[in-house]
Amino acid sequence: MNRFLQSLRLTLAALVFFAALLALPLSMAWGATTAAVVQDVRPVHWARPLDRRINLYRMAPDLYRSALPSARDWPALQALGIATVINFYQRGDEQWLKDPQVVQVHLPLRTDRIDDADVIEALRSIRQAQSRGRVLIHCKHGQNRTGLMAAMYRVIYQNWSKEQALAEMRGGGFGGQERMADAERYLREADIPALRLALASGACSTSTWALCALRERLLGMIEP
């Protein structure tokens, strides 16, 4: 009897062991699936993807961001009601954008040498353009230059924290994280109250010694 009970215990132990082995891959697969679902959850306030082929996202009802479009992309952008295109890339938009009713604003930027004057000019251009209708901002890839201006717009006009804006910049699906160091550094170090004050006052920079400020003073002295 004792021998029978011992054999029964060994058999049950073996069955439990093999059942655990069979369940392990299923558990791992379920865990991976659950993790993928969790990672795919997108905060509702982040930019919404519209066309990943050109990195086109909707930031707000009247503001969109993208990589450099081509002529074949214009019908879709036109359908969105884009009235102004603001370009941070070195090359202008004349080659692909032929619609004379669309305002083109060209503000070429480099994030490795960007300053407050650049950011103020870009943000002021966006806000002025929004008064005329929907706006598209873009650079070449729609990542670091566009990403920085989108983040600054979030912080200055939508009252996001720097941490919230950085999270969207990194995790929003725009790509280019390996080139974001300069943009992230500017955002972390930016004096937000000073930028808001300059934007409200009409100043071209947060510094009275900025080149644009010196140029304005010089012109004021020359003009009668």
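How many residues lie between E1 and E2 in their hairpin, and which residue in the turn has a positive phi? Let's work up to that, starting with where the model comes from.

Hello everyone. What you see is a predicted model, where local features need pLDDT of at least 70, side-chain atom pairs count only at pLDDT 80 or more, and totals for chains, interfaces and linings use all residues. Residues are numbered from 1 along each chain as its sequence is written, and side-chain values use heavy atoms, with hydrogens and water left out.

First, the overall picture. The protein has 8 helices and 6 strands; helices (H or I, at least four residues) and strands (E, at least two) are DSSP runs, numbered from the N terminus. Along the sequence, the pattern reads α-β-β-β-α-β-β-α-β-α-α-α-α-α. Of the 224 residues, 41% are buried, where buried means under 20% relative accessible area, exposed over 50%, and partly exposed in between, using a 1.4 Å probe and protein chains only. Among contacts with a separation of 6 or more, 61% come from residues 24 or more positions apart; a contact means heavy atoms within 4.5 Å.

Now back to my opening question. E1 and E2 form a hairpin with 4 residues between them, and Asn-55 in the turn has a positive phi of about 55°. Two strands pair if DSSP finds at least two bridges between them.

On its other pairing, E2 meets strand E3 (residues 63-66), again antiparallel and over 3 bridges, and a hairpin of 2 residues links E2 to E3. Have a look at Tyr-57: Tyr-57 in E2 is the bridge partner of Pro-49, and Tyr-57 also stands opposite Arg-65 in E3. Is strand E2 mostly covered or mostly open? Strand E2, residues 56-60, is mostly covered, with 4 of its 5 residues buried.

Let's move on to helix H5, residues 162-171. Here Ala-165, Leu-166, Glu-168 and Met-169 are buried. These four sit on the same side of H5 because they cover an arc of only 160° around the axis, the arc being that of the directions from the helix axis to the C-beta atoms.

Just after H5, Gly-173 takes a positive phi of about 90°.
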